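Open the structure in your viewer and keep the selection tool ready. The tour goes from one selection to the next.

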Amino acid sequence: MPRLDSRVDVNAERFAEQRSGMLALVDALRALEARTREASARAASLFERRGQLLPRERVARLLDPGSPWLELSTMAGHLLDDADPARSVPGAGVICGIGFVAGARCLVSASDSGIDAGAIQSMGREKMLRAQQIALENRLPFVQLIESAGANLLRYRVEDFIEGGRLFCNLARLSAAGIPVVAVVHGSSTAGGAYLPGLSDHVIMVRGRARAFLAGPPLLRAATGEIATDEELGGAEMHTSVSGLGEYLAQDDADAIRIAREVVGRLGFSRERAGSQARGDSQDRPLADFDEPACDPDELAGVVPLDFRQPFDMREVIARLVDGSRFLEFQPDFGPQTVCGHAELHGHRIGIVTNNGPLDPAGSNKATHFIQACCQSGAALLYLQNTTGYIVGRASEQAGMIKHGSKMIQAVSNATVPSITIHCGASFGAGNYGMCGRAFGPRFVFSWPNARTAVMGGEQAALTMRLVTEATARRRGEPVDAAKLDALERRIVENFERQSGALHTSARLLDDGVVDPRDTRKLLGFVLDTCAEAARRPLHPISFGVARP
């Protein structure tokens, strides 16, 4: 397979400027993530007095020492919990990620009860729903570490209550699909939250701390006049000896994590077991050695301009992602602004679709053909988004841009292999759709800090509205107020700019996280491993989720 040769001068001033700018964005991202960890850690003295582990300590003890951990959606809820940038704490009160527990690749979801007692935020619900979807699509055991004050009644919205039911529906569907759900109840799990352990297949409860009831003592007394203690209504000892809600009674948090690891270890979901199910195809075998790129992935911080208006060759990105920097380009002279080709990444065969400009009719046809060919050969698809959208104009319309773009969207929507999307730069208009944006169900989608996503550029939107407003005024015989139009343009540009940045979109779960470009290869290797392991893993579905007598 041909090797890509880089034309980037890493000693050039432009490279240094771009790298400095990108690393500043990465530093800002890391500072926000650190703020979340610090906010949770401030509850350390309280947790210590109660004999508890902090939420991130629980996760750390659950995971196999030294094993990889991919935390997801760390920016969820940013500026939605508090509009003040200095006070907003991203993460939405939930810790989610993929890691290894007793040798099994699992989806772990933990209440960050060091922040607002683990109260479920609106975006926290969405984050948990996305985690459940990832577990279902990738056949990952779902492990919940539960300690939540429940919904924040001061911010009650009826839609949160209604949509929250999907959390419980998904738990039932995971179980029915043959994907085990394990719950460790470290503290409160009340009202609707009681169904989190109720709909789990294996439940561990911590003595003296776990609480699970549909109505706590205050609500019970208000509703019925009955007086009961926490333990009588929903304590760990009661549920493991009387109601049967829990299977295992743990002495403390550490003991509960120990039991959870033993339970997961007996599920038959270890990497070794998944690997033993391989069918002999090279794509399905556990992978061993692979070549590192000939071009250093660390250089990705300086390869990409921060301004999406500046063109650059996406082959420079590919050269720093794929094994040996080897890339077999597909139809390089046909629709050349759309770049497609075959490569390997951490030993996995992949097909890459990316952009060096807008999508035109020829490029759309090429991408459609290539996507279908990858589905035929079983190669996962990697979309590296960097496009201003589908090309517009008289010539392209007459050449069938809508028709050919629709064919590409058909192929993207119905691809039969895992699709992974990275927002590397611009993602505008229907180009977001044709390049497998969030709405088109990629297995995973991540953004670089410089990524911009919008229906169009702010300047284009502002000019469009100015022209429409001017035309309307003239049609009515009214004077055109240039000052008002200038103010309108500024408002539109500001509105688009505010919403198009990676932190804004990630806060709304429009991706699975913002990542340092230098970590992209390692990230892709991990999620490709996850997808491949899912394909090898046999499930034993049942008609209904596991139910207690």
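What is the mean pLDDT of the protein? The mean is 93, and 97% of the residues reach 70 or more; pLDDT is the predictor's confidence in each residue, from 0 to 100. This is a predicted model, in which local features need pLDDT of at least 70, side-chain atom pairs count only at pLDDT 80 or more, and totals for chains, interfaces and linings use all residues. Residues are numbered from 1 along each chain as its sequence is written, and side-chain values use heavy atoms, with hydrogens and water left out.

Select residues 277–286. Here pLDDT stays under 50. Where pLDDT is low, the predicted coordinates should not be read in detail.

Next, select Asp-160 and Arg-125. Their side chains form a salt bridge, 2.6 Å from N to O (a side-chain nitrogen of Lys or Arg within 4 Å of a carboxyl oxygen of Asp or Glu). Asp-160 lies in helix H5 and Arg-125 in helix H4, so the pair ties together parts that are 35 residues apart in sequence. Helices are DSSP runs of H or I with at least four residues, and strands are runs of E with at least two, numbered from the N terminus. Both Asp-160 and Arg-125 are buried (under 20% relative accessible area; exposed is over 50%, partly exposed in between, with a 1.4 Å probe and protein chains only).

Stay in helix H5 and select Glu-163 and Arg-166, which are three residues apart. Their salt bridge has its closest N and O atoms 2.8 Å apart. Glu-163 is partly exposed at 31%, and Arg-166 is partly exposed at 39%.

Finally, select helix H21, residues 520–536. Of its 17 residues, 14 are buried, so H21 is largely enclosed by the rest of the structure.

Methods
Expected span 1.5 Å × (residues − 1). Contact = heavy atoms within 4.5 Å.
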